[in-house]
Amino acid sequence: MFFNKMELNNRTRSVAKKLIFFLAVVFFLISLVYALRAFPTSLNELRLKPMLVVAFFGVPVMLLLNSTEYWLSAVFHGKRPSLRDSVEITIISRAANMLPLPGGTIARVAALKSLGVNVKDGVSINLLLAFMWLGLSLVYSAVWMWSIIDSRYILYFFGLGFFILVPATVYLFQRSRDFKFVFLFIGTKTLSLIVDSTKILFCFYALGVSASFAQSSSLSVSGVLGSAVSIVPAGLGVREATASLLATMVGLS
């Protein structure tokens, strides 16, 4: 009876995963059709090569980096999920972020729980890594803004970024007692910010907008703020509003 229940549970999880992936594909196709019909200018004006770079390089690399982040959060608790499982959880987390609640965090905490990590520890590591990501993104954006403009707001970015990043990093080291782990996480998130900035830059190119890497990097914090706001699906509108404000500061239309 016990083994029959286990087999049934595994089968149910497998069906649920397939259903989630199927619904994600359907949602993507519907959204794509809507986006193409609502596009404000002629699609013939879009540049194809930058779009292909974003789709076939930027998206897979970001998926791999986000999967590495989940893997590190599991390693922090002495667990080692496979790369396949890490990628699956990352995809499910992204889909869950479309809900008007912290769906991505809930999905990752649930995945950690399935590995034997209790809910409290799962929530704690996700919050800690999120704070480090926010602090790092503020410092990263400030560095690039500093190379473009002279504004007191840059000091605010630096100050707030270090105020968040330093205590979070110290706490992470105290918990892990491993410089290598802290370095791997900071390195992974820094690479994520660089790749995200590159994706934004190529999106500008696809739209025929002249921009520099420094300008696109200055907008990277908008993605973090959008992800942090769970009151609306995927932070919809928050990312765009923040990006538009930052864009005017760094000389973008």
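Biologist: How many aromatic pairs does the count come to?

Modeller: The count comes to eight aromatic pairs. Keep in mind that this is a predicted model. One of the pairs is W146 with F158, an edge-to-face arrangement with 6.2 Å centre to centre and 90 degrees between the planes.

Biologist: Which helices do W146 and F158 lie in, and what does the pair tie together?

Modeller: W146 belongs to helix α5 (residues 119-146) and F158 to helix α6 (residues 152-176), so this pair ties together parts that are 12 residues apart in sequence.

Biologist: Is W146 buried or exposed, and is F158 buried or exposed?

Modeller: Residues under 20% relative accessible area are called buried, and those over 50% are called exposed. W146 has 62% relative accessibility, so W146 counts as exposed. F158 has 18%, so F158 counts as buried.

Another pair is F202 with Y205, also edge-to-face, at 5.8 Å centre to centre and 75 degrees between the planes.

Biologist: How are F202 and Y205 separated in helix α7?

Modeller: By about one helical turn, because F202 and Y205 are three residues apart in helix α7 (residues 179-206). F202 is partly exposed at 24% relative accessibility, and Y205 is partly exposed at 29%.

Biologist: Which residues do ring pairs link into a cluster?

Modeller: Y140, W144 and F213 are linked that way.

Biologist: Let us turn to charges over rings. Where does the charged end of K189 sit?

Modeller: The charged end of K189 sits over the ring of W133, at 4.2 Å from the ring centre. For R152, the charged end is placed over the ring of Y153, 4.9 Å from its centre.

Biologist: And salt bridges: what is the general idea, and how many are there here?

Modeller: Side chains of opposite charge can pair when their charged atoms come close. Here the count comes to two salt bridges. K189 returns in one of them: E69 forms a salt bridge with K189, and their closest N and O atoms are 2.9 Å apart.

Biologist: Which parts does the pair of E69 and K189 tie together?

Modeller: E69 is in helix α2 (residues 48-75) and K189 is in helix α7, so the pair ties together parts that are 120 residues apart in sequence. Both E69 and K189 are buried. For K189, then, you can look at two features together: the salt bridge with E69 and the charged end over the ring of W133.

Biologist: What about E88 and R84: how far apart are they in helix α3?

Modeller: E88 and R84 are four residues apart in helix α3 (residues 83-96), so about one helical turn separates them. Their side chains meet in a salt bridge at 3.6 Å, N to O. E88 is buried at 15% relative accessibility, whereas R84 is exposed, with a relative accessible area of 63%.

Biologist: Now the whole chain. How many helices and strands are there?

Modeller: The protein chain has 10 helices and zero strands, giving the pattern α-α-α-α-α-α-α-α-α-α along the sequence.

Biologist: How much of the chain is buried, and what share of contacts comes from residues 24 or more positions apart?

Modeller: Of the 253 residues in the protein chain, 36% are buried. Among contacts with a separation of 6 or more, residues 24 or more positions apart account for 65%.

Biologist: What is the accessible surface of the protein chain?

Modeller: The accessible surface comes to about 15300 Å², and 71% of this belongs to carbon and sulfur atoms.

Conventions: Residues are numbered from 1 along each chain as its sequence is written. This is a predicted model: local features need pLDDT of at least 70, side-chain atom pairs count only at pLDDT 80 or more; totals for chains, interfaces and linings use all residues. Side-chain values use heavy atoms; hydrogens and water are left out. Rings of Phe, Tyr and Trp (its six-membered ring) pair if their centres lie within 6.5 Å; planes under 30 degrees apart count as stacked, over 60 as edge-to-face and the rest as tilted. Helices (H or I, at least four residues) and strands (E, at least two) are DSSP runs, numbered from the N terminus. Buried means under 20% relative accessible area, exposed over 50%, partly exposed in between (1.4 Å probe, protein chains only). A charge sits over a ring if NZ of Lys or CZ of Arg is within 6 Å of the ring centre and within 35 degrees of the ring normal. Contact means heavy atoms within 4.5 Å. Accessible areas come from the Shrake-Rupley method with a 1.4 Å probe; for residues, only the protein chains shown count as cover. A salt bridge is a side-chain nitrogen of Lys or Arg within 4 Å of a carboxyl oxygen of Asp or Glu.
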